[in-house]
Amino acid sequence: QVQLVESGGGLVQAGGSLRLSCAQSGSTFSVRTSGWYRQAPGKERELVALIDYGDSTTYGDSVKGRFTISRDNLKRTAYLQMNNLKSEDTAVYYCNVHGYVGGIHYSEFWGQGTQVTVTS
C-alpha cells in the first residue's frame, strides 16, 4: 500500500505564493508519473501539473508560467510551487501518483487533499 499526504495549503493573498508538498510512504513503488490536481466547489477535478519519471512536465493552461512541479526522489516527495496566486486558484489540491507496486502491479494513488484559499 502507498500513502500520499499533502501539506502546505492555507490562506494567501492574491499575488502571493505557496509551496505544496506530497509525501509518499508505504510499499516500494516505482513512480512513473506524479501529479497535482485541483477541484473547486461546483467544478470538476482538473489537472494542474504532471511530472514523469524522466522529469518531463506538463501544466494546465491556467497555471502555466506561475506553477512549478518538482520531485525529490530521495525524500519520496513531490512539490508544487505556486506563485502569483489568483482567486481562481482557490481549490482543494490533490496529489496523485501512477507506477508499479513491487515493480509489477500498475496502480494509482491519491492523497486526501489540501485546501488552498486565495483572497483578494
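Which residue in strand 8 is the bridge partner of Ile-69? In the predicted model examined here, local features need pLDDT of at least 70 and side-chain atom pairs count only at pLDDT 80 or more, while totals for chains, interfaces and linings use all residues. Residues are numbered from 1 along each chain as its sequence is written, and side-chain values use heavy atoms, with hydrogens and water left out.

The bridge partner of Ile-69 in strand 8 is Leu-80. Strands are DSSP runs of E with at least two residues, numbered from the N terminus. Strand 7 and strand 8 (residues 77-82) run antiparallel and are joined by six bridges; two strands are taken to pair if DSSP finds at least two bridges between them. Both belong to an open sheet of four strands, which has the order 1-3-8-7 and antiparallel pairing. Strand 1 (2-7) and strand 7 (67-72) each have a single partner strand and stand at the edges, so one side of each lacks a neighbour in the sheet. On average, neighbouring strands of this sheet are turned by 15° against each other, direction ignored; the angles are taken between axes, which are lines fitted to C-alpha atoms, and run from 0 to 180 degrees between N-to-C directions. In general, the strands of a sheet pair through backbone hydrogen bonds.

Salt bridges were assigned where a side-chain nitrogen of Lys or Arg lies within 4 Å of a carboxyl oxygen of Asp or Glu. By this rule, the count is four salt bridges. One of them joins the side chains of Asp-89 and Arg-38, at 2.9 Å from N to O. Asp-89 lies in the loop between strand 8 and strand 9 (91-101) and Arg-38 in strand 4 (residues 29-39), so this pair ties together parts that are 51 residues apart in sequence.

Asp-89 also forms a salt bridge with Arg-66, with the closest N and O atoms 2.7 Å apart. Arg-66 is in the loop between strand 6 (57-59) and strand 7, so its pairing with Asp-89 ties together parts 23 residues apart in sequence. Asp-89 has a relative accessible area of 0% and is buried, and Arg-66 is buried at 8%; buried means under 20% relative accessible area, exposed over 50% and partly exposed in between, with a 1.4 Å probe and protein chains only. Through shared partners, salt bridges join Arg-38, Glu-46, Arg-66 and Asp-89 into one network. Arg-38 is likewise buried.

A further salt bridge links the side chains of Lys-64 and Asp-61 at 3.0 Å, N to O. Asp-61 counts as exposed, with 65% relative accessibility.
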